[in-house]
Amino acid sequence: MKVRGSVEFRDVEMGVWVLVSEDGRTYQIAGGRSSLLKEGQRVEVDGDVDDSAMGIAMVGPILRVRSYRVM
Amino acid sequence: MRSLWCLLGALSLAAACAPQPARNKVTTPGSARAAAVPHALVVDFRDGIPAGEVAERAHRWGLPLRLNSVEGVRSGIAIAEGVDDVDAALARIKGDADVEEAEPLVQMQALAFTPNDPEFPKQWNLRMIHMPEAWEVSHGKGVVVAVIDTGIAYEDHDDYVQVPDLAGARFVAGYDFVHDTDHPNDDNGHGTHVAGTIAQRTNNGIGVAGVAFEARLMPLKVLDRSGIGTSADIADAIRWAADHGAKVLNLSLGGPGYSAVMERAVAYARQRGAVVVCAAGNAGLGQVSYPAAYAGAVAVGAVGPDGQLAPYSSWGEALDIIAPGGNTRLGPGNGILQATIDRTDFRKPVLAEYQGTSMATPHVAGVAALLFAAGARTPDEVEKALFAGAQSEGAWTPRAGHGRLDALGALQALGKSAEPVDWAPLIWSAALLGLLLLSLKVKVRPGYLNVLLNPATLLPLLLSTVGLWFLKLLWQRFVGHPPAAAEVLSLPIPDWERILFGRGRLASPLMYSALAPAIAALLAVRWRALRPVVAGLSLGFAGFLLYAAWAKAPGIAYLPFTFLARPWLVLNGIVAALLARSMLRREARR
């Protein structure tokens with residue numbers, strides 16, 4: 001699936017990078033190169049939501065990034 | 001004469017239940033010790049003595065006397081500090097006609113244990129839940145607490161190091177489900193931080209303190225270096241912990257995805273006698289994440305040092321309790337401080353301040369360990385004490401659950417195993433009976449006491465308003481731990497569903513409605529002999545529902561808007577009252 005939105009850093013737990021989609025959903029970013037992780041960067045991410053994954057961040061579904069492009 | 005009886009009965013009973021006592025719990029330390037303050041004394045002048053006269057005495061006696069407080073002007077209580085010879089000064093004072101009493105100043109100190117860990121003063125979170133007072137009662141000795149997380153920095157092994165402040169803390173064997181080894185060390189820092197809040201080595205002169213510092217930690221690693229794991233590993237670890245003697249399971253993790261496998265694992269652990277404590281989630285939304293939302297888990301939300309729900313904390317129908325999780329938006333020092341390893345270098349021990357519902361959860365897990373060590377036998381007893389001892393404004397709410405964790409309150413609540421019976425619904429029903437009888441014509445009106453003392457009416461009336469409250473008490477007294485059936489029968493009928501499925505969260509609108517009396521009334525159309533029974537049941541439901549509406553308790557689940565709850569209760573209460581009225585009349589017609 002493809003998700004468009006902006007990259008944000010959330011200061012909860014150990015700190016977590018999230019993608020806030022244009023329709024307002026929050027995804028926890030898993031994987032992807034460090035160049036993806038820039039505060040406020042608008043991107044289109046191609047990846048999969050991992051329904052069987054859980055973690056310490058608990059901010060939303062975990063999105064495993066395959067690729068992305070900066071918009 | 002009969003109508004007079006009815007009127008008197010109705011008025012006196014209505015009057016009896018008019019004032020509603022405040023439900024706020026005030027926690028006070030169990031006891032205190034007293035010590036004389038050196039070179040200080042207290043003088044109790046006659047009430048209302050002018051301040052000028054106190055100043056004149058101070059000058060005459062050569063004492064730095066000052067009124068103790070603003071209130072001192074009225075009460076006449078003054079103190080003097082820096083007095084060289086207190087006894088001689090008291091001898092001078094006591095002859096004065098305006099002095100009612102004079103004595104050395106005594107400092108009352110609440111019984112509290114203050115650990116010598118140098119960073120303890122920064123742990124506002126432990127003071128918030130009254131740990132210094134609770135430590136006088138329990139340290140959680142011997143209770144096994146499983147930390148199902150990223151591991152714990154508990155040993156020097158390969159590249160891994162032990163956090164110095166954990167040296168001397170008690171551990172039992174754990175497991176690393178991520179790498180399938182017997183060395184569940186931490187390569188993230190999260191699990192060690194959480195474990196520290198539960199059972200950090202305390203009063204050892206270094207670092208920080210932990211809640212249940214004589215508990216034994218069981219490290220179970222289910223999350224990888226990035227803090228992510230699979231529901232399969234987590235479910236495995238939950239069962240492993242329950243099978244290896246853990247009494248408390250701490251799961252500072254979660255996700256939005258439902259997993260039947262994990263839900264069954266949580267139910268299994270609880271059935272094996274373990275309390276399963278889980279983080280509510282950090283999405284800041286009105287939905288608690290899994291596994292916290294499963295029946296059988298204690299869902300923990302987070303508050304900042306101001307006691308307010310933290311902006312990141314999730315909340316909602318499944319929330320059970322709130323505990324300190326920090327709020328760093330309020331500035332530095334407002335997170336939860338613990339010893340752990342550096343998040344960028346797991347070989348480096350650090351003191352770190354984090355915020356999250358993960359940080360709130362181990363406070364509750366730690367207090368659960370204190371409760372087990374203090375004599376609680378079942379998860380049910382622990383949860384009841386946690387909820388009953390919490391600081392709250394009254395009934396359960398979706399943003400605070402049963403209230404804010406209080407370690408001392410929970411330990412004190414544990415001693416009071418039997419919940420007080422709330423008689424108000426029965427009193428409302430009895431008053432309502434008087435009003436209903438008055439509304440009937442004399443010819444079809446039965447006598448007040450004839451109705452009330454008929455066993456066929458009284459039993460369903462008791463069952464639907466207060467339950468067979470004595471059943472559980474008798475069982476505990478003569479048999480032992482009561483079975484679920486006795487627990488259920490000890491509660492009013494509308495609450496049966498809550499104890500079976502919801503453990504005192506929101507009520508079902510079907511149970512809190514006139515549905516049961518209506519079905520019973522239909523049966524009574526066919527079988528006339530049932531009428532006294534249905535009269536008692538309807539009357540009980542009417543009193544229960546109307547009282548619930550008046551007392552604003554509890555929340556009703558599944559209704560689209562919470563403001564509909566009270567109209568729903570009132571409407572159904574009136575329907576039940578009308579059913580009761582028709583049953584009473586028809587019975588009298590025969």
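Author: Let us begin with pairing: two strands pair if DSSP finds at least two bridges between them. Helices (H or I, at least four residues) and strands (E, at least two) are themselves DSSP runs, numbered from the N terminus. Please keep in mind that this is a predicted model, in which local features need pLDDT of at least 70, side-chain atom pairs count only at pLDDT 80 or more, and totals for chains, interfaces and linings use all residues. Residues are numbered from 1 along each chain as its sequence is written, and chains are lettered from A and ligands numbered from 1 in the order in which they are written.

Reader: Which residue is the bridge partner of A:Asp48 in β6(A)?

Author: A:Asp48 has A:Arg64 as its partner there. A:Arg64 is also the bridge partner of A:Ala30.

Reader: How do you know that β4(A) and β6(A) pair?

Author: Count the bridges: there are seven, in the antiparallel sense. The definition asks for at least two, so the two strands qualify as a pair. β3(A) and β6(A) (residues 62-70) are joined by three bridges and run parallel. Strands β1 (residues 2-10) and β4 (residues 42-49) of chain A pair over five bridges in the antiparallel sense, with A:Gly5 standing opposite A:Val43.

Reader: What do the strands of chain A close into, and in which order?

Author: Five strands close into a barrel in the order β1-β2-β3-β6-β4, with mixed pairing. Neighbouring strands of this sheet are turned by 55° against each other on average, direction ignored. Chain A has zero helices and six strands, which gives the pattern β-β-β-β-β-β along the sequence.

Reader: How many residues of each chain are in contact with the other chain?

Author: 18 residues of chain A are in contact with 30 residues of chain B. Two residues are in contact if their C-beta atoms, placed from the backbone, lie within 7 Å. On chain A's side, β3 (26-30) and β5 (53-55) each supply at least two residues, and β5(A) gives the most, with three.

Reader: What classes of residue make up that side of chain A?

Author: The side holds 11 nonpolar, four polar and three charged residues. Here Ala, Val, Leu, Ile, Met, Phe, Trp, Tyr, Cys and Pro count as nonpolar, Asp, Glu, Lys and Arg as charged, and the others, Gly among them, as polar.

Reader: What joins β5(A) to chain B?

Author: Three bridges join β5(A) to strand β9 (residues 228-230) of chain B, and the two run antiparallel. A:Ala53 stands opposite B:Thr230 in β9(B).

Reader: How do you know what span to expect for helix α8 of chain B?

Author: The expected span is 1.5 Å times one less than the number of residues. α8(B), residues 231-243, has 13 residues and reaches 18 Å from its first C-alpha to its last, close to the 18 Å expected. The helix is followed by B:Gly245, whose phi is positive, near 90°.

Reader: Why is B:Gly366 called buried?

Author: A residue is buried if 20 or more other C-beta atoms lie within 10 Å of its own, exposed if 12 or fewer, and partly exposed in between. B:Gly366 has 32 other C-beta atoms within 10 Å, so the label is buried. B:Gly366 sits in helix α10 of chain B. Leaving aside neighbours within four places in sequence, its contacts include B:Gly140, B:Thr197 and B:Ile198. Across whole chains, 50% of the 590 residues of chain B count as buried, while for the 71 residues of chain A the share is 42%.

Reader: What makes the meeting of α7(B) and α10(B) a contact, and which residues form it?

Author: From α7(B) come B:His190, B:Val194, B:Thr197 and B:Ile198, and α10(B) brings residues including B:Ser358, B:Met359 and B:Gly366. The residues of this contact divide into five nonpolar, five polar and no charged. The axes of α7 (residues 190-199) and α10 (residues 357-373) of chain B come within 8 Å and cross at roughly 35°. Axes are lines fitted to C-alpha atoms, for helices over the stretch in contact, and angles run from 0 to 180 degrees between N-to-C directions.
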